[in-house]
Amino acid sequence: MSAWVNAAIRKLEADANRSADTHLHLFPLPAEWGIDLYLKDESVHPTGSLKHRLARSLLLYGLVNGRIDEGTTLVEASSGSTAVSEAYFARMLGLPFITVVPRSTSQEKIDLIEFYGGRCHYVDSAPAMYPEAERLASECGGHYLDQFTFAERATDWRGNNNIAESVFSQLADERHPIPSWIVVGAGTGGTSATFGRYVRYRRHETKVAVVDPEGSAFYGGWRDRNPAHTTGTPSRIEGIGRPRVEPSFVPTVIDEMIAVPDAASIAAIRLLKERTLHWAGGSTGTNLVGAFELIARMRAAGEEGSVVTLICDGGARYLDTYYSDEWVAARGWDLAPHRARLDRFLDTGEW
């Protein structure tokens, strides 16, 4: 292994060491329910999202497998937070970074990628990202990071401060230290694979639920046991949902999937901001809706315990979209009935 690769691995590990672990917030539920809901706040990473962990793991995976060395151009297919985080780490290592993005990508995300020195290469649709990224990497002799294939294998699911180990360590002194449910979305499938494998490896009774937005293939693929299931439509909830079932999605470690309407996701993040002052992106809203539904089931069954989900990224990236009434109305979303349902749940415990 070259001296440059040694130094690169040290820099990535140093970044992890100087970034304090992310917070685990307690969401306010009625005390008499006997159920605690925790929000793992991944928005406080240096690049502002859950994908900071994934990006570091993908670069380490490329380095230790001999696919990244001094001067290697890094290429990705990503229109969102993964590309932001990868650009951050590429700049740290002095490597060129190109991400293939659909033309519909928000300007806020483009600005962040370019802030960290990344370059955006545009295609007309999300499915076109994959072959174009492969072509670019081959053409320039670079390394295609390929989050959608390598996410589930680049993360050490047994430990090494992965997100699952972090959550369980932080819960150790709580009244329900082993959660009944972990609730996450799927973009690559890497996070659900990490949690699903970890709880089995540690022999916990915890179940893993994956929430899925409209237009995504994961729910249909899981329901029909069809890894080739596609929808042909992009998700409107950034960071989760895909038009195809990605290779990193591991359905056998998941206990349940919940389809969540997009308008409900947006209603949920607005409720979160009002009730906790934490504001987040749409994928966090999808998580919350799924967590609330599972808590209502626990209540109906007379169960107590804890549920954990994620704040995936911060709301500042979505001021002009999810938090804009005009933008929401232009998409035909009526948030009112979903907000009424969420408020009713928090008042009564019924879904």
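Helix α2 (residues 51-64) packs against α6 at about 90°, and their axes lie 9 Å apart. Two packed helices are described by the angle between their axes and the distance between the axes. Here the axes are lines fitted to C-alpha atoms, for helices over the stretch in contact, with angles from 0 to 180 degrees between N-to-C directions. α2 and α6 are therefore roughly perpendicular to each other. The classes are set as follows: under 35 degrees is roughly parallel, over 145 roughly antiparallel, 65 to 115 roughly perpendicular, and the rest oblique. From α2, the contact draws on L54, S57, L58 and Y61; from α6, on Q147, F150, A151, R153 and A154. Contact means heavy atoms within 4.5 Å. By type, the residues of this contact divide into 6 nonpolar, 2 polar and 1 charged. Nonpolar covers Ala, Val, Leu, Ile, Met, Phe, Trp, Tyr, Cys and Pro; charged covers Asp, Glu, Lys and Arg; the others, Gly among them, are polar.

This is a predicted model: local features need pLDDT of at least 70, side-chain atom pairs count only at pLDDT 80 or more, and totals for chains, interfaces and linings use all residues. Residues are numbered from 1 along each chain as its sequence is written, and side-chain values use heavy atoms, with hydrogens and water left out. Helices (H or I, at least four residues) and strands (E, at least two) are DSSP runs, numbered from the N terminus.

Stay with α6. 7 of its 8 residues are buried, so α6 is largely enclosed by the rest of the structure. Buried means under 20% relative accessible area, exposed over 50%, and partly exposed in between (1.4 Å probe, protein chains only). The buried residues of α6 are Q147, F148, T149, F150, A151, E152 and A154. Their cover includes α2, β3, α3 (81-93), α5, β6 and α8.

Now turn to α5. Helix α5 has 12 residues (129-140); at 1.5 Å a residue it should span 16 Å, and its end C-alpha atoms are 17 Å apart, which agrees. The expected span is 1.5 Å times one less than the number of residues. M129, Y130, E132, A133, L136 and A137 are the buried residues of α5. Among the elements that cover them are β3 (74-77), β4 (97-102), β5 (119-123), β6 (143-144) and α6 (147-154). After α5 comes G141, with a positive phi near 70°.

Two strands pair if DSSP finds at least two bridges between them. β4 and β5 run parallel and are joined by 5 bridges. The bridge partner of I98 in β5 is R119.

A second open sheet has 6 strands. Their order is β1-β2-β10-β7-β8-β9, and the pairing is mixed. β1 (24-27) and β9 (256-259) stand at the edges with a single partner strand each, so one side of each is left without a neighbour in the sheet. The twist averages 25° from one strand to the next. Helix α8 (residues 190-201) packs on this sheet, touching β7 (181-185), β8 (207-212) and β10, and its direction makes about 170° with that of β8.

Which strands pair with β2? L26 stands opposite Y38 in β2. Strand β10 (residues 305-311) runs parallel to β2 (residues 35-41), and 7 bridges join the two. Y38 stands opposite V308 in β10, and K40 stands opposite L310.

How many residues of β2 are buried? The count is 7 of the 7, so β2 is largely enclosed by the rest of the structure. Both faces are covered: I35, L37, L39 and D41 are buried on one side, D36, Y38 and K40 on the other.

Beyond its neighbours within four places in sequence, F292 is in contact with F27, L37, L271, L342, F345, L346 and W351. G221 is 71 residues from F292 in sequence, and 24 Å away in space, C-alpha to C-alpha.
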